There are 2 protein chains.
Amino acid sequence: MTETVQNLGENGYLVTYVAKSGSFATLRMYTDKLLTFDIHSYEVDNKGRAAIETLCNRLEEKMKDVLRGNIKRLKRLPAIVRGGAIDRYWPTADGRLVEYDIDDVVYDEDSAYQNIKILHSKQFGNILILNGDINLGESDLPYTQAIMGDGVEDYKGKEILILGGGDGGILYELVKLKPKMVTMVEIDQMVIDACCKHMRKTCGDVLDNLKGDCYQVLVEDCVPVLKAYAAEGRLFDYVINDLTAVPISTSPEEESTWDFLRLILDLAVKVLKPTGKYFTQGNCANLTDALAMYEQQLNKLYCPVEYSKKVVCVPSYAELWVFYTVWKK
Amino acid sequence: MTETVQNLGENGYLVTYVAKSGSFATLRMYTDKLLTFDIHSYEVDNKGRAAIETLCNRLEEKMKDVLRGNIKRLKRLPAIVRGGAIDRYWPTADGRLVEYDIDDVVYDEDSAYQNIKILHSKQFGNILILNGDINLGESDLPYTQAIMGDGVEDYKGKEILILGGGDGGILYELVKLKPKMVTMVEIDQMVIDACCKHMRKTCGDVLDNLKGDCYQVLVEDCVPVLKAYAAEGRLFDYVINDLTAVPISTSPEEESTWDFLRLILDLAVKVLKPTGKYFTQGNCANLTDALAMYEQQLNKLYCPVEYSKKVVCVPSYAELWVFYTVWKK
């Protein structure tokens, strides 16, 4: 092992240890008595993890001894695994580091619109990740229930429009409730195919065909479809917007995310019956600025609307999520 | 900036960059084309974070350019903050790294039994952390509901014994349901006092006094209390075990965690009416071995019992949790 000590003057010391194996460690001593120690080790199949745990234990003992118990705080963090076949780190929408219990890459493909991953979590089941954002886990029925109005709506005999929703979760729950007709408009056939195969706890058999007794799936960009419905005066009892947070539509109006969101909102409200309801997911509860901006958009629609919101715990998200209900005033 | 290149032969290269400010970076090139780059920076009040983001952006651009797009995967992780007043990293029971949105240390004291922390999370409210384990957030009514049988039990006129439960959550929810008498046995007065002051969304005013019309709080080790109840033949309709996962009792029987768990189980079943129910939290859903061992203990009690379990999403846990119901055969 090679030890290199660098005196950084008023900024303390940096000591680097390099082992022949290529593992290395950095010890940084700051002048305010903070000490950080990082071990970087190249491991195949986690074989060396026990040895590193032992090393860390010894290091802790040694430091307690050398500093004679004068340690105010001592914290050891779980190892961060980089470069493996499985990526376990999927930060929250508010930018926090979260390690998931991912143990298998079930699906990983680029469609014309986005990167589509389905990763297996031991506890959450398969999780759909679009462009790096966790969309839905098989554990996440609470998401679907929240975006459907928490079980208090009577969907029997109703006409419903789903925007997006390629995982099939909303469609699967809706068709159980004997609606008159559910129309789902999802742009990405590859999402539908991947979820049909790998998210069956979420979508059941509802994506096996794009058409059923009381539903149809249109594989199209929802913007022109909404425009056509608005033009012909077609109205729905419910519009459920389950589009991804970051728009993937290629409409010319999409100059900014907010313009796109307002465009969708305006069109959705246009195809809503006077007594109709519009459901959508908003954002994580912590992004209060983004939520406030979304609510500002609601005041800029072609017709006045009212809204309510609720905060929901979606199991695989590791953060609370806000859902909106919007209706015509 | 000082650059030090170390040729590690068949193990690749290690390059260390040290700035005059004391910030440093390590670039490790592995021979299988994995490249890790770590920036360590000493920041006061997060001031330099934007500059580091810019540096990372430039680095990504540069690497894409140098490698002519031949990058299969490129992942940037959120910065890990160490040594600050606020510790945001509270690993899950199954050992995964989770960064919480902690923005304030509300309480941090050592009692005779354990370290007690109450940290404020923007989304979860105040969170009680005992010996480094997240116990309960103010967001976590689902925990309390789960350990009370999910709202299907009729507690009216019943006699209930709570083991532990110092945060007052179970007691607060129970007294709303007009029980005959709730007896709570919590060993740590400091937990009660801290939660009474800082977890009021969880405990309401129920901990303001240790006695109410239909409840009493005994600040004692529950083991001798249970033994006394068993000796005098006192029986309860419900026993709710809300003790911490790692025992803090000092009973002589506590030779191992499992012995302690079985001791508590045996005593709890002894003070249970023939029709009574015992509720407890088990462990995180991923620790299947620990759950199986717990279930083995259930087969070793002084009298035969049956049990059911359910998996519950507790908002602040970032992992699914198993709860048990146990009853006499």
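This is a predicted model: local features need pLDDT of at least 70, side-chain atom pairs count only at pLDDT 80 or more; totals for chains, interfaces and linings use all residues.
1. Chain A is divided into domain 1, residues 2-67, and domain 2, residues 138-328, and the centres of domain 1 and domain 2 of chain A, taken over C-alpha atoms, are separated by 50 Å.

2. Helix α6 of chain A spans residues 222-232, and its buried residues are A:C222, A:V223, A:V225, A:L226 and A:Y229. Seen down the axis of α6(A), these buried residues fall within an arc of 165°, so they line one face of the helix. The face turned away from that buried side carries A:A231 and A:E232, which are exposed.

3. The cover over the buried residues of α6(A) includes strands β9 (159-164), β10 (181-185), β12 (215-218) and β13 (236-242), together with helix α7 (257-270), of chain A.

4. In chain B, strand β3 (residues 24-29) is mostly covered, since 5 of its 6 residues are buried. Strand β2 (residues 13-18) of chain B pairs with β3(B) in the antiparallel sense over 6 bridges, and within this pairing B:V18 has B:F24 as its bridge partner. The hairpin of β2(B) and β3(B) has 5 residues between the strands, and B:G22 takes a positive phi near 100° there.

5. β3(B) is also joined by 6 bridges to strand β4 (residues 35-40) of chain B, the two running antiparallel, and B:T26 stands opposite B:D38 in β4(B). In the hairpin of β3(B) and β4(B), with 5 residues between the strands, B:K33 takes a positive phi near 75°.

Methods
Residues are numbered from 1 along each chain as its sequence is written. Chains are lettered from A and ligands numbered from 1 in the order in which they are written. Side-chain values use heavy atoms; hydrogens and water are left out. Buried means under 20% relative accessible area, exposed over 50%, partly exposed in between (1.4 Å probe, protein chains only). Helices (H or I, at least four residues) and strands (E, at least two) are DSSP runs, numbered from the N terminus. Two strands pair if DSSP finds at least two bridges between them. Domain bounds come from an automatic or database domain assignment. The arc is that of the directions from the helix axis to the C-beta atoms. Contact means heavy atoms within 4.5 Å.
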